[in-house]
Amino acid sequence: MFIVSYLIRAYRANTYEHEPYIYGSVRIEEIALAKHVSGSELPSHATGGDLAEGLQQVHLGTIKTRKPIGVPLKERIRRHRELYILFIPVAIVYIVFRYWEIGLGFVAVFKEMRIGQGLWESPWVGMRNFQMIFENPNVVRTIRNTIEISLYRLFWGFAPPIILAVVFHDMVWMRFKRISQTLVYLPHFFSWVVIYGIVFALFSTGTGFVNVLLENLGFQRIEFLLSTRWFRPILIGSDIWKTMGWGSILYMAALTNVDPGLYEAAVIDGAGPLKRIRHISIPSILPVIAFVLTLTIGNILRAGGEQILIFYNEAVFEVADVIETWVVRVGLGRFQFGVGIAVGLFQSVVGLILIVIGNYISRRVAGRGIW
Amino acid sequence: MMSFKPRGTELYYQIFIFIIALVVSISAIFPLMYVLGVSLTSTNELIRNNYFVIWPTQPTLNAYERMAANPAIWRSLTISVARSAIGPFLTLIIMALGAYVLSVRTLPGRKQILMLIIFTMLFTGGLIPRYLVMRQLGLLNSFWVYIWPMLPDAFGLLVLKIFIENLPDSLLESADIDGAKHTQKLVYLAVPLAKPALAAVGMFAIVNHWNAWFDALLFVTRSRLHPLQMVLRNVLTSDAFFDAAQNVLSDAVRTNVVSMRMATVVVGILPMLMLYPFLQKYFVHGVFLGSVKE
């Protein structure tokens, strides 16, 4: 869920790319060139008034361009040399810690890697590693589990943040609203380890609060953490508990951008709370909904391995083992690198394809996509 | 939102949403209170009440004392604090450099570089390739494996970039007139002006570093280098599977385990709770940052 909030900001960041106006500093000869190319007279303030100064501040408001016109690329690169030098550390970090592993993955996936053998000496095996994904019944099971758990997460976790956002948005008792918000955002900042500790405190068989309560009320204890029936509800419930408040912030942001006059007008026209939600609130958060859905669908092959890795145990492998946990336990733990890499890339490629498709649909339906 | 006094249907609606918010708030806070309560309960009281304790009658710090006697806790605490200090600091430097450079709209190739950075959020090489890269770089079983891979934080960089772009143009332009170089503008103008954004992004980096344990599991087998969350994980999962069998264990042993586990959880949360007021001040701002248009 956190990656979703990451990306929504990235998405918003991107919308700034389309601003038609630029502000920047351009040399005087460029102003002349710009005049020539656009064929229009620049506003007088654009030349800064005093042409005697070598360098002028120009507002290219009317030209609608992203770069100074007419300057050859080489010259423009030379002029920004200092910026490229400043960027070198950033580029190195991204290349070494992001792109190198992608490249390495795409090479290694076509090789058979053995322990003690480097990447370059390993023999090429073509598509063998990908074939092995679908020949190994355990891997097939993890893919099925992954998709099932992702869909359950989507089904149960989708509405709560929206409901919460509408509740907070419509609440008139401001003081309670603020306290309540403070409380529900909090779990987002806990690690999955801590969340598991809390779940353990509540649901463990021997000493868990819920089980002690059940026993005191005369019921049987339930082995929540060890039963295949309860594992997924616990997993998804705790996920919702952790991310619901945080997820609502995105919708809140969309709701606060709505003109309050709309609600006031609706009230005057006699629209009740439900009608206002249906005709104002929901339509105004539709782009965010489309955005969240797109990303969720793109992540369908990622079922939250970091959470499951700490929640699961051998008793529930059957319903809990997902791609990420399998990659860590078997791929990395038992040195089945080839299949592990193939599954990982399979996840990424499928995810990317789904995001592109989702983005296309979202653009058609909601009029706005991720990019 | 609405400034009128609710009446009739509106009043019922307000009561309804109040109840929803109340239930959600209680469900958010109750488990935390419970964990804190158990961690403060003495062994005797737990047994006497058959583990049904919401808040102890005589709070005791026994569990914390026993935990503090464990040198592994202190060692891991040092690691966690070190990575939560060094990591965000270096991340901020990289982010500030990248964000400033990419905020200059005339930069040739700016759009392509941005695409490459956003791409890293959508596509990863996978766990095993990352493991292999760390092995090639000799970072396995090293403290720096916690720091370097977290430097390319695309989200933070983008938030910072927007913030710098939205700074008043006149400020940076006035520096142009004085003939300032980009390096000077970055150090003397962009960084001081972008302090709120830097604080927000830095605090999120602290949260990420404090809560991280996955990298320790993957890349570090030496337990001396494990951060607190990893030790906490081991404490919690070591015998979770035998939880049922614990019924056979003597009460004293069982209680020891329970209240100490809860004490460890509390220690794992505590820094986040202390940071939370600041986080809350900044994170709403951080999320809203992108939606505020000039």
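In the predicted model, helix H7 of chain A (residues 159-170) comprises twelve residues and spans 17 Å from its first C-alpha to its last, close to the 16 Å expected at 1.5 Å a residue. Buried positions in H7(A) are Pro161(A), Ile162(A), Leu164(A), Ala165(A), Val166(A), Phe168(A), His169(A) and Asp170(A).

Chain A as a whole contains 17 helices and two strands. Of its 371 residues, 40% are buried. When contacts in chain A between residues at least 6 apart in sequence are considered, 67% link residues at least 24 apart.

The interface between the chains involves 98 residues of chain B in contact with 99 residues of chain A. On the side of chain B that touches chain A, the most residues come from helix H1 (residues 8-39) of chain B, which supplies 16. By residue class, this side of chain B consists of 63 nonpolar, 21 polar and 14 charged residues.

The largest nonpolar core has 156 residues, among which Tyr196(A), Tyr251(A), Leu160(B) and Val201(B) touch the most other members. Helix H11 of chain A (residues 231-256) makes the greatest contribution to this core, with twelve residues. With residues up to four places away in sequence left out, Leu160(B) touches Met95(B), Ala96(B), Ala99(B), Ala194(B), Ala197(B), Leu198(B) and Val201(B).

Conventions
Residues are numbered from 1 along each chain as its sequence is written. Chains are lettered from A and ligands numbered from 1 in the order in which they are written. This is a predicted model: local features need pLDDT of at least 70, side-chain atom pairs count only at pLDDT 80 or more; totals for chains, interfaces and linings use all residues. Two residues are in contact if their C-beta atoms, placed from the backbone, lie within 7 Å. Helices (H or I, at least four residues) and strands (E, at least two) are DSSP runs, numbered from the N terminus. Ala, Val, Leu, Ile, Met, Phe, Trp, Tyr, Cys and Pro count as nonpolar, Asp, Glu, Lys and Arg as charged, and the others, Gly among them, as polar. A nonpolar core is a set of buried Ala, Val, Leu, Ile, Met, Phe, Trp, Tyr and Cys residues joined through C-beta atoms within 7 Å. A residue is buried if 20 or more other C-beta atoms lie within 10 Å of its own, exposed if 12 or fewer, and partly exposed in between; C-beta atoms are placed from the backbone. The expected span of a helix is 1.5 Å times one less than its number of residues.
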